[in-house]
Protein chains: 2
Amino acid sequence: MENREEVKVLGTWSSLFVLRVRIALNVKQVKYEFLEEVAGLHSKSELLLKSNPVYKKVPVLIHGSNAVCESLVILRYIDEAFVDDDRLSLLPSDPYDRALACFWACYIDDKWFSSLIGVIREQNKEAREESMKQVQTGLQLLEEVFSKCTNGNGKPFFNGESIGYLDIVFGSFMLLLKVAEKIKNVKFLDENKTPKLVTWHQCFCLNDAVKNVMPQFDKFFEYVKMRVGGGGVSFSSTN
Amino acid sequence: MENREEVKVLGTWSSLFVLRVRIALNVKQVKYEFLEEVAGLHSKSELLLKSNPVYKKVPVLIHGSNAVCESLVILRYIDEAFVDDDRLSLLPSDPYDRALACFWACYIDDKWFSSLIGVIREQNKEAREESMKQVQTGLQLLEEVFSKCTNGNGKPFFNGESIGYLDIVFGSFMLLLKVAEKIKNVKFLDENKTPKLVTWHQCFCLNDAVKNVMPQFDKFFEYVKMRVGGGGVSFSSTN
């Protein structure tokens, strides 16, 4: 596969999983065309159905004639398919550091994100409070991971000087964390409890690869409220 | 990290996720010590709690002073940390082929495995039949994936001449599929419907990297029946 083949992203403006792909392409300085699926419509594009017949979900990365699905798989593909000398790497070069980044990415997707959804959606008070605790626990863990990754060297990102895989995976959910804070009138990202993550989050949002593709807070806030009111929160697909 | 550092696997005989790690190490010809957690005991070893504080689950791979958790993360680590010229690769060299292997591995773990558990555990008849349909659909899909991977070249494995990542991820669940067939008196792997997978499965089980670490069918069958009878099926942890 030539790196010069056309790159397209099938996505929606509101999907945080699509956001990951766009940030990754920006970090790697890969030009792409963004093809927006219209969220809320009941029909999906022919191209989406053809490119992701198993899940029929965005994001899909199309590179030449190849389609890649699932955001974590796409991120690694982007890192491995575009490897000229002058491109940044999303993953560390050491296999163990790479394994750690992947472990925490899985933790964020499989465990922490579910708790965050629970904070927003859970009607039962006890269950909601349990979700809140788990979100806090996760943030404490990730504060420690950040300390280990940067080893007190003052670098701004989990990946060092530049945004990497774990920054993208975790950073993509920060907008939803902020929305959860507003809806539930709590503060998760707290300078006393997780000072390093607070600074990391600021650096992340101000980064050129991020700031132009991150959905606007107010628009996203209204979108989440509407989804919760509509009886379900799904941030992962066009459904 | 030196390749010569000691390698240990924390596991149980019955965990199919542990099985993956052992097969991968065998394929890569990495010597390791198997430290067995005693399944069914309520206490877990100090080493397990220290090595996997987040999930407290097997498998854990210990390489020198580094601990790696989560079977899919471990498989990639093994592939990337042991890369001498004469070692086989678990993942294809082409980034797109690698992405496809990872996509299908996620599909197997996130979707197909849940359906397989549903076949065994589900009490409600309709839900169980739905699970059975999904297991069948998954097998049809993977039959097609096998055809694409091997491109009609007659090679025995998804990965070509030797067992690779996708072979290990899928192959590790075949024992449970066979147990489900016996418990429910159905035939999933069928020469008429999925002839290529039938042959692949035979090759997989006879392979030197697999045959000495695959649990015995009768022992595993009794174990699954006992777990189902005990009110829950958990194949992923020491709990």
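**Interface of chains A and B and cysteine state**

Between chain A and chain B, six residue pairs, both members at pLDDT 80 or more, are in polar contact (a pair of N or O atoms within 3.5 Å; within protein, one must be able to donate a hydrogen and the other to accept it, and residues adjacent in sequence count only if both atoms are side-chain atoms). The model is predicted: local features require pLDDT of at least 70 and side-chain atom pairs pLDDT 80 or more, while totals for chains, interfaces and linings use all residues. Residues are numbered from 1 along each chain as its sequence is written, chains are lettered from A in the order in which they are written, and side-chain values use heavy atoms, without hydrogens and water.

Four salt bridges are found across the interface of chain A and chain B (a side-chain nitrogen of Lys or Arg within 4 Å of a carboxyl oxygen of Asp or Glu). A salt bridge joins the side chains of A:Glu80 and B:Arg98, at 2.8 Å from N to O.

Contact (heavy atoms within 4.5 Å) involves 26 residues of chain A and 26 residues of chain B. The area buried between the two chains is about 2100 Å², with 69% from carbon and sulfur atoms; buried area is the accessible area (1.4 Å probe) lost on putting two parts together, summed over both. In chain A, the most area is lost to chain B by A:Val54, A:Tyr96 and A:Phe103, together 28% of what that side buries.

The whole structure contains zero disulfides over all chains (cysteine sulfur atoms within 2.5 Å). B:Cys203 is in no disulfide, and its nearest cysteine sulfur, that of B:Cys205, is 9.6 Å away.
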